[in-house]
Amino acid sequence: MDTWTKSELDKIAKAEELEIARRRRDGTLRNPVTVWMVRVGDDLYIRSVKGRTGAWFRAAVASHQGRVKAGGVQRDVTFVEANAAPNGEVDRAYRAKYGRYATSIVNTVLTPQARAATLRLVPREDARPISRATSRAKKH
């Protein structure tokens with residue numbers, strides 16, 4: 001499955017933040033990083049406020065694979081550089097979702113530097129949704 005379900009999109013989009021963990025070469029996950037995310041149509045986008053030099057962004061681009069968690073949804077994903085992202089729409093989505101915060105905070109994801117570090121989250125075709133019960137069982 002290389003698309004999000006409507007339920008997944010709705011739940012993730014309602015969440016305030018998203019946890020991302022990139023996958024190491026040996027398949028294990030690194031510690032998660034919390035980021036803001038927005039939905040535009042049927043796509044989910046994240047940006048690095050530090051631009052392309054941000055540590056989590058560089059790691060995500062290098063590995064291309066990881067796991068995201070938000071709104072009760074946990075899913076393996078591919079990180080796709082969104083060079084052709086609809087930046088105007090993504091900017092509007094960030095303003096709409098996080099506009100209650102100070103402009104100086106929201107503007108950190110609207111800079112040219114952050115725009116150049118936009119990733120689209122694509123569910124992995126070879127990965128099934130991970131239930132909370134499954135993820136809890138793996139921790140023990």
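**Exercise 1.** Which residues form one aromatic cluster?

*Solution.* The model is predicted, so local features need pLDDT of at least 70 and side-chain atom pairs count only at pLDDT 80 or more, while totals for chains, interfaces and linings use all residues. Residues are numbered from 1 along each chain as its sequence is written, and side-chain values use heavy atoms, with hydrogens and water left out.

Step 1. Start with the rule: rings of Phe, Tyr and Trp (its six-membered ring) pair if their centres lie within 6.5 Å; planes under 30 degrees apart count as stacked, over 60 as edge-to-face and the rest as tilted.

Step 2. By this rule there are five aromatic pairs. One of them joins Y98 and Y101, with 6.4 Å from centre to centre and 35° between the planes, and is tilted.

Step 3. The cluster consists of W36, Y94, Y98 and Y101.

**Exercise 2.** Locate V109 and list its contacts beyond its sequence neighbours.

*Solution.* Step 1. V109 lies in the loop between α4 (103–106) and α5 (112–115). Helices (H or I, at least four residues) and strands (E, at least two) are DSSP runs, numbered from the N terminus.

Step 1. Contact means heavy atoms within 4.5 Å. With neighbours within four places in sequence left aside, V109 is in contact with W36, R47, V49, D91, Y94 and A114.

Step 2. Consider V49: this residue is 60 residues from V109 along the chain, yet their C-alpha atoms are separated by 5.4 Å.

**Exercise 3.** Which residues of helix α2 are buried, and what covers them?

*Solution.* Step 1. Helix α2 spans residues 55–63, and its buried residues are W56, F57, A59, A60, V61 and S63.

Step 1. The cover includes the strands β1 (18–22), β2 (33–35), β4 (43–47), β5 (65–70), β6 (73–81) and β7 (118–123).

Step 2. After α2 comes H64, which has a positive phi, near 65°.

**Exercise 4.** How many helices and strands are in the protein chain, and in what order do the elements run?

*Solution.* Step 1. The protein chain has six helices and seven strands.

Step 1. From the N terminus on, the order is α-β-β-β-β-α-β-β-α-α-α-β-α.

How values were computed
Buried means under 20% relative accessible area, exposed over 50%, partly exposed in between (1.4 Å probe, protein chains only).
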